[in-house]
Amino acid sequence: MAINPDLPFKFSPMHRLQWEEAQQKDVILYPEGMVELNQSSAEILKLCDGTRNIAQIVNDLEHKFATTGLTNDITSFLEVALKNGWIQQN
Amino acid sequence: MAGFNKTKPTPPRWLLAELSYACPLQCPYCSNPIDYAQHQSELTTEDWKRVLTQARKMGAVQLGFSGGEPLTRKDLPELVKHARDLGYYSNLITSGYGLTEEKIIQLKEAGLDHIQVSIQASTQELSDHLAGTESYQHKKEVAHLVKKHGYPMVLCVVIHRENIHQMPQILEMAEELGADYLELANTQYYGWAHVNRDLLLPTKEQFKQAEEIAQAFKEKVAGRMKIYYVVPDFYEDRPKACMNGWGTTFLTIAPDGVALPCHSARELPGLDCPNVKDYSIEQIWNESKAFNFFRGFEWMKEPCRSCDEKEKDFGGCRCQAYLLTGDMYNADPVCSKSPDHATIQQAIDSARASTLSADEKPLIFRNSKNSRTLS
């Protein structure tokens, strides 16, 4: 499944993204399963709210963390997230 | 006590709340204990709320409402709401029996995240026979309604010799019903399945054929449907990492409040499993004899103790070791390194002989009468 550069990403209604106090990390919850996220993955997923395409997500995060060159890392994570059904386009 | 381990255990992540042993179905592979009819008392709504609160505070996040049939509890919506307020991801594990559209909506509003519906086979005749109840058509309607109301739908089919030949039709049914996940659970031989093993355990050829069909289907539906394939451990040569390690991840609370490190642990001798009416979840998890019994590696006998794979599979399943070798400290006999590994082949041979036998025994269905007779 390839990323469409123009379309925004939204988080899947079949999954839940949630901060876990006991684990001190964000997790994705789905039927009988859980994925533990590192901070950067969680930051990317939180921007998948149906309003931003990939360029906007990269721009927002580079701005937020005052850095550049995040495109490749963010692209490869979004591909994984799309393949796993955590996020959707369209 | 065995395996007592002074380091602080990892907190529970998975809470299985067996709300009731009552069930309108009589599946002959039910994982409930054989003597369930002797444990008829049930926790109150307030007890359950306290348990959910305490376990959540420790870090439990996945919650299964199970049984028996959890829908037999009138307070289910109230418990679902409490679970949602606490931040659990809640799974309803149901036969679908008695589930109406009104109830599906009510549970959704209360915050239920997902419904898993079990179907026994791909044809009405066999499904109703295995369930011991006329339920097939209703289950299919329930599966549609679950989808209609926006829940992720998990279809669960327990696989055994009576239905393994239907694998292609079972997969077709899952597709037709629009399942988001399909759990193909090869029967694990505990509880009622242990009693009926000669009639349920398929041959290796049947397993292999069914697995190939399921594997091809998995590739075909990739991206649309996820397949959970629970392996048939009798045909493996290494045991499963049962419960992800004793007392590391899973906490089961039985209908009467007994806390168990796995849902079969009630059948093990001398664990003195604690009751949530007497202790907090934190006390039970961290301090009780039962939960510390097989933590770590100190309890192990050979060949597990010196095995370089012990951190991978923890010696396999304690209940299986007990049921098949009579000693719960032994290596799970599924392991080819176990001196008792021949018991697995004997079970396979015995099941094969029973198919060929002219006077095949009938299945023993899971109901209160049979429970009292067998216990």
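**Loops, strands and the A–B interface**

Q: Where in chain B does Pro303(B) lie?
A: Pro303(B) is in the loop between helix 11 (289-292) and helix 12 (310-313) of chain B. The elements are called helices because they are DSSP runs of H or I with at least four residues, whereas strands are runs of E with at least two, both numbered from the N terminus. Glu302(B) and Pro303(B) are joined by a cis peptide bond, with omega about 10°.

This is a predicted model, in which local features need pLDDT of at least 70 and side-chain atom pairs count only at pLDDT 80 or more, while totals for chains, interfaces and linings use all residues; side-chain values use heavy atoms, without hydrogens and water. Residues are numbered from 1 along each chain as its sequence is written, and chains are lettered from A and ligands numbered from 1 in the order in which they are written.

Q: What makes strand 2 and strand 3 of chain A a pair, and in which sense do they run?
A: Pairing requires that DSSP find at least two bridges between two strands. Strand 2 and strand 3 (residues 25-30) of chain A have five bridges and are antiparallel, and therefore they meet the definition. Within this pair, Glu20(A) faces Lys25(A) of strand 3.

Q: Why is one side of strand 2 and of strand 4 of chain A left without a neighbour in the sheet?
A: The open sheet has three strands in the order 2-3-4, paired antiparallel. Strand 2 (16-20) and strand 4 (33-36) stand at its edges, and each has a single partner strand, so one side of each lacks a neighbour.

Q: What makes Arg56(B) and Glu20(A) a salt bridge?
A: The term requires a side-chain nitrogen of Lys or Arg within 4 Å of a carboxyl oxygen of Asp or Glu. The closest N and O atoms of Arg56(B) and Glu20(A) are 2.7 Å apart, so the pair qualifies. Between chain B and chain A the count is two salt bridges.

Q: How many residues of chain B and chain A are in contact, and by what rule?
A: Contact means heavy atoms within 4.5 Å. By that rule, 24 residues of chain B touch 14 residues of chain A.

Q: Why is Glu205(B) with Arg352(B) called a salt bridge, and which parts of the chain does the pair link?
A: The N to O distance is 3.0 Å, and the pair therefore falls within the limit already given. Glu205(B) is in helix 9 (residues 204-220) and Arg352(B) in helix 14 (residues 342-356) of chain B, 147 residues apart.
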